[in-house]
Every structure is written in C-alpha cells, then in structure tokens.
Amino acid sequence: MSEPHLAPAIDVRGVQRVYQAKPKDVVALAGVDLRVEPGELFGLLGPNGAGKTTLIKILTTLLLPTAGTASVFGFDVAADAKRIRRIMNMVAGGEQSGYGILTVREQLWMFSQFYGLGRREGWRRVDELIEAVGLAEQRVQRVSELSTGQRQKMNLARGLLNDPWILFLDEPTLGLDVSAARTVRELVVEWRAAVPGRTVLLTTHYMAEADELCDRLAIVDRGRILAEGTPVELKRRVQRESVFRLELDRLAGGAAALAALPGVVRAATMSDGAGEVGRERQSVVVNLVLDDDAALGGVVGALGGLGARIVALQKSEPSLEDVFVELVGRGFDDEAVHHGERPGPPPATLAEMTHDTEEAEPLGSEVTR
Ligand SMILES: Nc1ncnc2c1ncn2[C@@H]1O[C@H](COP(=O)(O)OP(=O)(O)O)[C@@H](O)[C@H]1O
Ligand SMILES: [Mg+2]
C-alpha cells in the first residue's frame, strides 16, 4: 500500500442515484462531484437523508449509480468492484454484529477468513487488532454481551482486518457515549497516521466530529454538495471579519478607545464577566471585531499606550453549524431529535440502521441495481 498511486483515492463525477419507491422515486444523489486524495481524512457532513450513506454504498460497490462514474484508487465501481473490495473496508455506526454467540476473538477470526487471510495470519491479525482497539479484556467475551462502545471497537477492528487502503466510516460514532466516541475517533486518527496514504471517508451529522477529524469536508444536503473545503476555510466563509475575545486588566477610555484604532470594525465591552468574579482586580472583556487578523498587531501595540495589559486573547470561531445555516437557510433538523427527551436513537434512525445493516456487509454481498 505504500507504493505511490497517481489515481485519486476517490473520484466521483456527476453521480446521481434514484431509488425507485412509492408513491414516487427518491433522488438520493442529484449530481455529485468529489475528489479525495490518498492520505486524506475526508468528511461528508449532512443531516439525515442528505445522501451520505447512498454515496458510501456506491463507493463500496454495494449500489450502482443511476448516472455518472465513480472510482476508488483508479478502480471503477461498476467495472472493477472486486478490486475495490480488496482494498477497502467499511464500518457503519450502529452496525449489528450478527453472531452474538461467538466471542470477540472468534467473530473477528471468522471475518479474517472471509477476507481471505490464512489461518495463522488470521489469528495473528485478530489478536493484534484486539489489542490495538483496547478489547484485550473482552477477547473471549460473547459479542452479545458487549457494550455499544465495545461493539463498535470490535467493528472497527473488523474493518481493519484486511489492512485496507481506504476505510469508509458511515457515522462511526452514532449512538456512542462521549468517551467511546472519543476512543473510536482516536483509533481512526492513529490508524490513518501510522502508514502514509491510508485514506478515510467518513460521514457524520455531528459537526464537532467533522470539525475535529477532517482534513477536508463536504457539506451535503438533499443529494448535493453545497460546499467543500477544510473546516477552517468553510468557517471563514461565514465570517469574513475576525472576532476576538480580548481580556484586559483594565482599559482607560473603555472600548471606545479601541474602536478608534485602524482596522477595528467594532469594539464592545462584554457584560458577562461572571468568570472574573472573586478576582482581586476586575478585568475588562472586550468583543473585538477586526476587518482582518492583521489588524490585531496594531491593537496589541496600542494597548500599552492605553495602560492596559492583556490577560487573555482568544479568537472567536464560527462553527460548522453556522456554515450549514448560511448555506441551507435552516439548521440540522436532526440535531433537535437527537438531543430530545427520548433516550437512544429515534425510531427513524433505528429503522435506517436496520435497513443499512442488511445491505452493508462490506465484502461478498450482491450489488443492488
Ligand atoms: N432503499 C431505499 N429506497 C428508497 N429510498 C431510499 C433508500 N435508501 C435511502 N433512501 C432515501 O434516499 C435519501 C438519502 O438517504 P441516505 O443516503 O441514507 O442519506 P443519509 O445517509 O445522509 O442519511 C433519503 O431520502 C432516503 O430516505
Ligand atoms: Mg446514513
């Protein structure tokens, strides 16, 4: 896998996918173009129904596009499905592990045999991966007795058994608690970093996850890519001005003294000084809006003349949610559901997960036309 590859890891051109359904057909992908380079950790961020899973299914050769072409490391999804299956793997969030009666070690070994590893090589890889994902203590525990987080670690180990060049992760932290989700993210990052060229395509509807993990990402909604870039580039789209939170020990002349400086669009003292209560000296917090980051130097330089010392300085970043709202004109509807009173995933998601599981066997299942 370390040999140089000229082909992009993912090359999607004009891909459309229509599901035949009643009362009318569903356009899940309405013309998608996407290019991911080898070694990238690329994210598809979008609400439920955006078409993320459909695109992953096309790239993992489980589903054919209705129109357009897609290739993985130069292999066409329609013509070279077998080759793609050899160099990729997929892990989906909420994946049900069907063989609850097996132990973790047996289950993984069984998959190692599906993936064509030899008997001894299979056991070696299984034990190595069990260790790597932190399931050593559960290795002879039945799969049915694992917690959700442990099961997802096992699924991740399963996804790494064939040493893929590219790993497709469809909402890999769906339904996991904070700590298990963090572990899964860390494992993905470590795996990718260990060998140059390892590529990850991840889907998520968790903004913070996309922001934290992805080198680049595409915001998708209703079967289209609305914007693409690094998290920083995307957030810059909604914030052309630079906003800083500036905390000073004191400020003679108040915020007005700062507002007069070159490059300062606005400066206002902030009333929420709750954190400052109890300090000997009350500090002043200023919300500082500059027309460009470069104006900061002048402001910092001028502060000395105003007899003020900087206690803290922090750039206020917009979130990917702000980007989504600006692009789509609404928030992530879905988030409201996930944070609702109902514990666990809502029924719609569960139904989708079950449906996905049936089709999501990464290797050896039939292509749906
Ligand atoms: N097998 C199917 N039959 C009919 N419609 C489907 C099928 N699978 C997905 N869809 C629809 O296609 C759209 C995209 O779904 P999906 O790719 O699962 O989105 P996401 O993964 O972003 O939530 C949704 O409107 C969904 O209801
Ligand atoms: Mg999905």
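## Chat about a predicted model

Modeller: Strands S12 and S13 (residues 284-290) pair in the antiparallel sense over five bridges. Strands here are DSSP runs of E, at least two residues, and helices are runs of H or I, at least four, numbered from the N terminus. Two strands pair if DSSP finds at least two bridges between them.

Colleague: What stands opposite Thr269?

Modeller: Val286 in S13 does.

Colleague: What order do the strands of that sheet take?

Modeller: The order is S12-S13-S11-S14, four strands in an open sheet with antiparallel pairing. S12 (264-269) and S14 (310-315) are at the edges with a single partner strand each, so one side of each has no neighbour in the sheet. From one strand to the next, the twist averages 20 degrees. That angle is between lines fitted to C-alpha atoms, taken in N-to-C directions, on a scale from 0 to 180 degrees.

Colleague: What does pLDDT average over the protein?

Modeller: The average is 85, and 85% of the residues score at least 70. pLDDT is the predictor's confidence in each residue, from 0 to 100.

Colleague: Where does it stay under 50?

Modeller: Residues 334-366 are one such stretch, with 27 contacts beyond four places in sequence. A contact means C-beta atoms, placed from the backbone, within 7 Å. Where pLDDT is low, the predicted coordinates should not be read in detail.

Colleague: New topic. Which element gives the most to the shell around ligand 1?

Modeller: Helix H1 does, with three residues. H1 spans 52-59. The residues around the ligand include Tyr19, Asn48 and Lys52. To count, a C-beta atom, placed from the backbone, must lie within 6 Å.

Colleague: Which residues does a cis peptide bond join?

Modeller: Lys22 and Pro23, with omega about 5 degrees. Pro23 sits in the loop between S1 (10-19) and S2.

Colleague: And Phe73, what is its phi?

Modeller: Positive, about 50 degrees, although Phe73 is not a glycine. Most residues other than glycine have a negative phi.

Colleague: Is Phe73 buried or exposed?

Modeller: Buried, because it has 22 C-beta neighbours inside 10 Å. The cut-offs are 20 or more other C-beta atoms within 10 Å for buried, 12 or fewer for exposed, and partly exposed in between, with C-beta atoms placed from the backbone.

Conventions:
Residues are numbered from 1 along each chain as its sequence is written. Chains are lettered from A and ligands numbered from 1 in the order in which they are written. This is a predicted model: local features need pLDDT of at least 70, side-chain atom pairs count only at pLDDT 80 or more; totals for chains, interfaces and linings use all residues. Two residues are in contact if their C-beta atoms, placed from the backbone, lie within 7 Å.
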